[in-house]
Amino acid sequence: MKRTVRREMTMRRRGVMGRRALLALCAALAIAGGAASGPAAAAEAGDPAPLKIVATTGMIADAVRAVGGEAAEVRALMGPGVDPHAYRQNRSDVLAMTRADIVFWNGLYLEAQMESFLLRLGERSRVVALAEAAPTDRLIAHDDYPDRQDPHLWMEPALWAQTIAAIRDAMIAERPAQAALFTANAQAYVAELEALDAYGRKVLGSVPEESRVLLTAHDAFNYFGRAYDFEVMGVQGISTESEAGVARIAELARLLAERRIGAVFVETSVSDRNMRALIEGAAAEGHAVAIGAELYSDAMGPKGSYEGGYLGMMDHNFTAIARALGGEAPVGGRLGRLALPEEGS
């Protein structure tokens, strides 16, 4: 009898705590909703306060900063080395997003753990899924989910450039008086992306055709492969939540040995455990494989560094891949700002 009473009291307490937590969150949303209208009202009155913007990934935040300039105050939820496939919003993130004038996310199930929250938030706030603004005929099917597309659009700068208009338009909708600024900034950023793409085509095109095989931890480089004529293979699928089995690693190890592929690549946002196992498997087949470089896939480089911006991140990837696979690329990259090791060092 005493155990039954204790159990009932415990369940009631848990129910109260659950309702209290729910009520607290609702109150936070209501307060944030009121706060979100402040900057918009101030803008109508001529106040130059910057737009408050939240972006999920660093790549998106970088593009938003380029378009918004000093007229935008941008917060990125995910920093260097963070895997967006597994990221879950915390209380601070919720408050920031509900108070923002605009929230930009990738979409296409990249932020898988945040999707339901972002869709609900979009019913009452300006929430923009950038990847879903790209031409649908340019999207690649998702290997793991038949009804979805590969979300890693930023791996093809020319395609990523086609999402910048969505950033510009969302900002203009919030601040029509600054339309000229946002339009000029967007045009300048697209020009940078076009120059980056041209550099990638030049250095990656110098890699011998038989060596154009990019083997990485997971399938984040499918758009890269299509754009620059590389065969791309990942130990894991498009989502990092999928696990690589022993059979998959053994299969890839045999492939490395048979095709005499000399380099594979690890990623900053994904564990290198599977890649180490792959190298050991190739060695057992009598073939030595080196780590070509650490690539940036789902996250950018260290904050404040050249690689900590999208242009530097992709410059690093293009240059490192070309040099590791027998192509010609300057050690300093497109703008001479990289710090890659010299060959043989």
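Arg 226 and Glu 156 form a salt bridge, with their closest N and O atoms 3.2 Å apart. A salt bridge here is a side-chain nitrogen of Lys or Arg within 4 Å of a carboxyl oxygen of Asp or Glu. Arg 226 lies in helix H8 (residues 222-228) and Glu 156 in the loop between E4 and H5, so this bridge ties together parts that are 70 residues apart in sequence. Helices (H or I, at least four residues) and strands (E, at least two) are DSSP runs, numbered from the N terminus. The model is predicted: local features need pLDDT of at least 70 and side-chain atom pairs count only at pLDDT 80 or more, while totals for chains, interfaces and linings use all residues. Residues are numbered from 1 along each chain as its sequence is written, and side-chain values use heavy atoms, with hydrogens and water left out.

Buried means under 20% relative accessible area, exposed means over 50%, and partly exposed is in between (1.4 Å probe, protein chains only).

A search of the whole structure finds 12 salt bridges. One of them joins the side chains of Glu 115 and Arg 148, at 3.2 Å from N to O. This pair links distant parts of the chain, 33 residues apart: Glu 115 is in helix H4 (residues 115-121), and Arg 148 is in the loop between strand E4 (126-129) and helix H5 (157-160). Glu 115 is buried, at 14% relative accessibility, and Arg 148 is partly exposed, at 25%.

Asp 229 is in the loop between H8 and strand E6 (231-236), and Arg 212 is in the loop between helix H7 (179-204) and strand E5 (213-218), 17 residues apart. Asp 229 is exposed, with a relative accessible area of 53%, but Arg 212 is buried, at 14%.

Helix H8 also holds aromatic rings. Phe 224 and Tyr 228 form a tilted pair, 5.4 Å centre to centre with 50 degrees between the planes. Rings of Phe, Tyr and Trp (its six-membered ring) pair if their centres lie within 6.5 Å; planes under 30 degrees apart count as stacked, over 60 as edge-to-face and the rest as tilted. Phe 224 and Tyr 228 are four residues apart in H8, about one helical turn. An α-helix has 3.6 residues a turn, so residues three or four places apart point the same way. Phe 224 is buried, at 1% relative accessibility, and Tyr 228 is buried, at 6%. Ring pairs link Phe 224 and Tyr 228 with Phe 221, Phe 230 and Phe 318 into a cluster.

Next comes strand E4, where Val 128 is found. Val 128 is buried, at 16% relative accessibility. Beyond its neighbours within four places in sequence, Val 128 is in contact (heavy atoms within 4.5 Å) with residues including Phe 104, Trp 105, Ala 166 and Ala 170. Ala 166 and Ala 170 are among the buried residues of helix H6 (residues 164-174).
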